[in-house]
Structures are given as structure tokens and as C-alpha cells.
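Look at the structure first, then read on.

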Amino acid sequence: MEVGTTIDDLVEKLEKEGKEDILELIEDAKNGELEEIELVESIGLLVDLEDNKRLLNWFEQQGVNLIYVTDDEE
């Protein structure tokens with residue numbers, strides 16, 4: 001297993017936590033159906049910073065563009 005190329009353990013963790021929305025994004029990326037994700041950099045997708053970094057790196061490896069937006073739309 002190469003480091004950074006698989007997130008199977010992370011997927012298992014997300015399944016246990018019931019993170020269906022993130023799991024759908026992962027599935028779409030695996031199928032080549034996800035072109036970009038808009039996210040607030042200070043929030044990310046996952047609470048755990050290390051898991052979040054791994055997930056975002058994996059998305060980039062799948063060719064998904066990460067678009068960072070600001071969180072000051074009040």
C-alpha cells in the first residue's frame with residue numbers, strides 16, 4: 001500500500017461516523033464524476049485536521065479541483 005494513494009481506512013471511519021455526504025463525494029471522485037469542491041479553508045471537510053489533509057490530498061490526486069471560498073458572507 002502506497003502512502004497517500006488509498007483512503008480505505010478513512011472511508012471505514014467515515015462509515016462508522018455516518019458521514020454520508022463525505023462518502024458520496026468520495027464515491028463521485030472515484031467514478032470521475034466530481035470536478036470540483038468548494039470549501040472554506042478554515043473549516044475544511046473533516047474535524048480531524050490530519051484526516052482532512054489526507055482527504056483533500058486524495059481528492060487532488062483524483063483530479064478534483066479544490067476551490068477555497070471565504071467564510072465572511074454575512
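## Helix 1 against helix 3

In this predicted model, helix 1 passes helix 3 in a left-handed crossing. Helix 1 covers residues 8–17. The two helices pack at an angle of about 120 degrees. Their axes lie 11 Å apart. Roughly perpendicular ends at 115 degrees and roughly antiparallel starts over 145, so helix 1 is oblique to helix 3.

Which residues of helix 1 meet helix 3? They are Asp9, Leu10 and Lys13. On the helix 3 side, the partners are Asp51, Arg54 and Leu55. Sort the residues of this contact by type: four are charged, two are nonpolar and none is polar.

## Helix 2 against helix 3

Helix 2 spans residues 20–30. It packs against helix 3 at an angle of about 25 degrees, and the axes are 10 Å apart. Angles under 35 degrees count as roughly parallel, so helix 2 is roughly parallel to helix 3. The crossing of this pair is left-handed.

Helix 2 brings Ile22, Leu25, Ile26, Ala29 and Lys30 to the contact. Helix 3 brings Leu55, Trp58 and Phe59. How many residues here are nonpolar, polar and charged? Seven are nonpolar, none is polar and one is charged. Leu55 of helix 3 meets helix 2, and Leu55 also meets helix 1.

## The strand pair

Strand 1 runs over residues 36–40, and strand 2 over residues 65–69. In which sense do they pair, parallel or antiparallel? The pairing is parallel, over five bridges. Valine 40 stands opposite valine 69 in strand 2.

Now follow the chain between the strands. It leaves strand 1, goes through helix 3 (residues 49–61) and reaches strand 2. This β-α-β crossover is right-handed.

As a general point, side chains in a regular strand alternate between the two faces of the sheet.

## Helix 3 in review

Helix 1 is oblique to helix 3. Helix 2 is roughly parallel to helix 3. The chain also passes through helix 3 on its way from strand 1 to strand 2.

Note on methods
Residues numbered from 1 in each chain as written. Predicted model: local features only at pLDDT ≥ 70, side-chain atom pairs only at ≥ 80, totals over all residues. Heavy atoms only, no water. Pairing = 2+ DSSP bridges. Helix = DSSP H or I, 4+ residues; strand = E, 2+ residues; numbered from the N terminus. Right-handed = clockwise from strand over helix to strand, strands pointing away. Axes fitted to C-alpha atoms, helices over the stretch in contact; angles between N-to-C directions. Parallel < 35°, antiparallel > 145°, perpendicular 65-115°, else oblique. Left-handed = near helix turned anticlockwise from the far one by under 90°. Contact = heavy atoms within 4.5 Å. Nonpolar A, V, L, I, M, F, W, Y, C, P; charged D, E, K, R; others polar.
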